[in-house]
Amino acid sequence: MSNDNRNWIDKSDKLVLFSALIILVTFIGWAMINPDGMFAVIGVVFNTLTGAFGWAYLLAGAVFLVFALWLAFGPFGNVKLGKDDEKPQYSFFSWFAMIIACGYGVGLVYWCVAEPLSFLQSPPFGAEPMTAAAAERAMAQSFFHWGWVPWAIYMTVAAPAGYFIYRKGEPPHFSTFLRPLFGDKVEGKAFRVLDGFLVYGVIGGVTTATGLGIMQLAGGLNSLFGIPITNMTYVVIGVCWAALFTASAVSGIDKGIKVLSNINIPLCIGIMIIVFILGPSSFIMNTTLSGVGDMLQNFPRMMLWTDSLQTNYFPQWWTIFYWAWWIASAPSTGLFVAAVSRGRTFKEIVLVHLGAAPIATWMWYGTFGSTAIDMELNQGVGLVESMNANGTGSTVFTLLERLPMGGVLSALFLVLVFIFLATTVDSYSYVCAQVTTKKDGNPLFPPKPTRALWAVSIATLAITLVLIASGEITGLQTSSLVASIVITVVMVLMMVSMVKSLYDEFGEEIKEKRRMVSKKAVYIDDEPMEKTN
């Protein structure tokens, strides 16, 4: 009872909390004092990670996808995140809405037009730019980037997190998920500092999404109302948006994140249906189906393409960057997915992540990307020229304005971006608060001031990077990769740790089932011979 009366600082693991804050404050200070130097160093890190270690990211993505499939269809598919008799905490719709809002969030609305158009003018695998072949390849590559692998990356954290927290009673701290490998050493200072570093990695990963969202909101306001895109515009947007998601994070999952997700996903579906009806519906269907077919045909090639001769750096700037971005975001997204998936089985979670979620994403991308390509190639609207001149953030608004009810659609899309920003960031700040709260401080429901601290920290870093980058996305993109290589190693260890724990828990049961199956097979094999005699 006395623990409940402690203030939020006393409930915090100070080593984890201050480790993360020191790294964060140092990074913000560096960005403000010497932004050019910071971006130069980050650029070197980016080139090193994507060039020298790009193969490692691609290989990790393939391993994580195989692991997710094994979880669903292997011997442990029916294991629950929780006790055997636990029921899911949320309805399917609320659960799915929160997964989409946290998993992809603002990235989904930022790139749905800009990415297909970028590939249309600079297609991979030698396709001729601005042609029908480039259009098909553009959609296929977009579907690949926003398909199975990202969700498998998230599953590699979500599955161990949910298993260890809700089945084994561990606190929501990344280090404790490694207990089967390292024993009680995970309680030591080194592993707690690792937790602090991973919290910073979480913030670095979400900063890219938040920065892109702020710039897209600025582009939308400029397109709709003529508001100039200035630093002051970025600051006002950032402060208003931060107030919303801080309030949501403080309210908790049920009152904040769940409510916003239940608003946002229906809005998302509604806008997509309207664009499909008002846009080139037949062209959308044909292009989407062709793109999916192209992706399925070339999936292994896309999965492992490193461009070793570096002829155009496409995989470095797109696929490898995306994989590193998903990995940097995986600790927070995975922990949040685990929290809302309590009471569901591995198979159930994997099938939604690798089935329903990618299909929903492809429908969204197919609708907006195909409409953009039709406007560019068949109507001569000049979206690519507009994107190159005005930036990627405002491209979707240029598209919407060309449709009937363009002003209404643009206004609704602005609301969509704003809420997606809130649901993305408040889920991340909630996770940061969980990881920095002591085991005896009830980390599953961390103190409200701790949630607010991380919400404000994320907003501060995002606004700072947008301002010093002057609205350019390159610096934002590279900033998210700093911690990704370390997180990759931790994710592999978490995967191995959970597999070991699963076999420790269910190994004998599996062996017994296999013995029974083997005996039955022998009996069935022998029985007909006895009957014929």
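Reader: What pLDDT does the protein average?
Author: This is a predicted model, and the protein averages a pLDDT of 87. A score of at least 70 is reached by 92% of the residues.

Reader: Where does pLDDT stay under 50?
Author: That applies over residues 528-533. For residues 528-533, the model has 0 contacts beyond four places in sequence.

Reader: On to the surface. Which residues form a nonpolar patch there?
Author: The patch is formed by F53, W55, L59 and V63. Together they have about 390 Å² of accessible area.

Reader: And which helix is W55 found in?
Author: W55 belongs to helix α4, which covers residues 54-73.

Reader: Where is M130 found, then?
Author: M130 sits in the loop between α6 (106-121) and α7 (132-145). Its relative accessibility is 33%, so M130 counts as partly exposed.

Reader: What about phi of D307?
Author: D307 is not a glycine either, yet its phi is positive, at about 50°. D307 lies in the loop between α13 (281-304) and α14 (314-317).

Reader: Is D307 buried or exposed?
Author: D307 is buried, because its relative accessible area is 6% and buried means under 20%.

How values were computed
Residues are numbered from 1 along each chain as its sequence is written. This is a predicted model: local features need pLDDT of at least 70, side-chain atom pairs count only at pLDDT 80 or more; totals for chains, interfaces and linings use all residues. Side-chain values use heavy atoms; hydrogens and water are left out. Patches are made of residues with over 30% relative accessible area and no salt bridge: like charges are joined within 9 Å, nonpolar side chains (Val, Leu, Ile, Met, Phe, Trp, Tyr) within 5 Å. Accessible areas come from the Shrake-Rupley method with a 1.4 Å probe; for residues, only the protein chains shown count as cover. A salt bridge is a side-chain nitrogen of Lys or Arg within 4 Å of a carboxyl oxygen of Asp or Glu. Helices (H or I, at least four residues) and strands (E, at least two) are DSSP runs, numbered from the N terminus. Buried means under 20% relative accessible area, exposed over 50%, partly exposed in between (1.4 Å probe, protein chains only). pLDDT is the predictor's confidence in each residue, from 0 to 100. Contact means heavy atoms within 4.5 Å.
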